[in-house]
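Dear colleague,

My notes on the strands and the nonpolar cores follow it.

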Amino acid sequence: MAKVVLLLYYSLLFAFAIITCSATIYTVGDNSGWDISSNLDTWSADKKFKIGDSLIFQYSSSHSVDEVTRENFDSCNTTNILTSYGNGNTTVPLTRGGDRYFVCGNQLHCLGGMKLHVHVEGDDKSLAPALAPKAMDGSNQRTATVPQVPQSDPSSKKSTHFSKGAMNCARDAQHLVYIALMATTVFGMLKI
């Protein structure tokens, strides 16, 4: 009987770890992609974005993806941006809760509706459940808020960078394993 209870306990811990370490990757605009013809308001209406999810923007060379403030989103101001992407295949990890605003760098496209507002559930203290995919190598991703540090060692470009979410998920999984080991020890001492 004790082995059944212990097996059930471990199964529940494992299921909890799987559920909390999952994320969704959304292709913005589905098959239409990040394009002036996409109805992005309709596309995002039924989605629940969570910390750890990722947005994939696929677009032609006549477009870009700019992350902006709410004010710049509302007015389609494409001159004062937070982050700009232009490689045609951009992955944006949702690493923090709150509202995120994206517009096409071509102001006429933005005014035509090529802009996206997503609300990410959670706050900065929430866990980012999974490792979000990194932008494609060779992208011309530019970030105004985080300066680029030159790499002196070419082999360092091959290193894997983990998101905050992957680290939190790994830490939480480690805690679950520790709890399971402690439970095993306690059950062993009590000979249950």
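Which residue in strand 8 stands opposite Gly-98? In this predicted model, that position is taken by Val-120. The two strands concerned, strand 7 and strand 8 (residues 115-121), run antiparallel to each other and are joined over 6 bridges.

As for burial, strand 7 is mostly covered, with 5 of its 6 residues buried.

I turn next to the nonpolar cores. The largest comprises 20 residues, and those with the most contacts inside it include Phe-102 and Leu-116, as well as Val-28, Trp-34, Phe-49, Leu-55 and Phe-57. At least two residues of this core are supplied by each of helix 2 (40-45), strand 3 (54-58) and strand 8. Strand 8 provides the largest share, namely 3 residues.

When neighbours within four places in sequence are set aside, the contacts of Val-28 are Gly-33, Trp-34, Leu-40, Trp-43, Leu-55, Ile-56, Phe-57 and Leu-116. Among these, Trp-34, Leu-55, Phe-57 and Leu-116 are also listed with Val-28 as having the most contacts inside the largest core.

Yours sincerely

Definitions and conventions. Residues are numbered from 1 along each chain as its sequence is written. This is a predicted model: local features need pLDDT of at least 70, side-chain atom pairs count only at pLDDT 80 or more; totals for chains, interfaces and linings use all residues. Side-chain values use heavy atoms; hydrogens and water are left out. Buried means under 20% relative accessible area, exposed over 50%, partly exposed in between (1.4 Å probe, protein chains only). Helices (H or I, at least four residues) and strands (E, at least two) are DSSP runs, numbered from the N terminus. Two strands pair if DSSP finds at least two bridges between them. A nonpolar core is a set of buried Ala, Val, Leu, Ile, Met, Phe, Trp, Tyr and Cys residues joined through side-chain atoms within 4.5 Å. Contact means heavy atoms within 4.5 Å.
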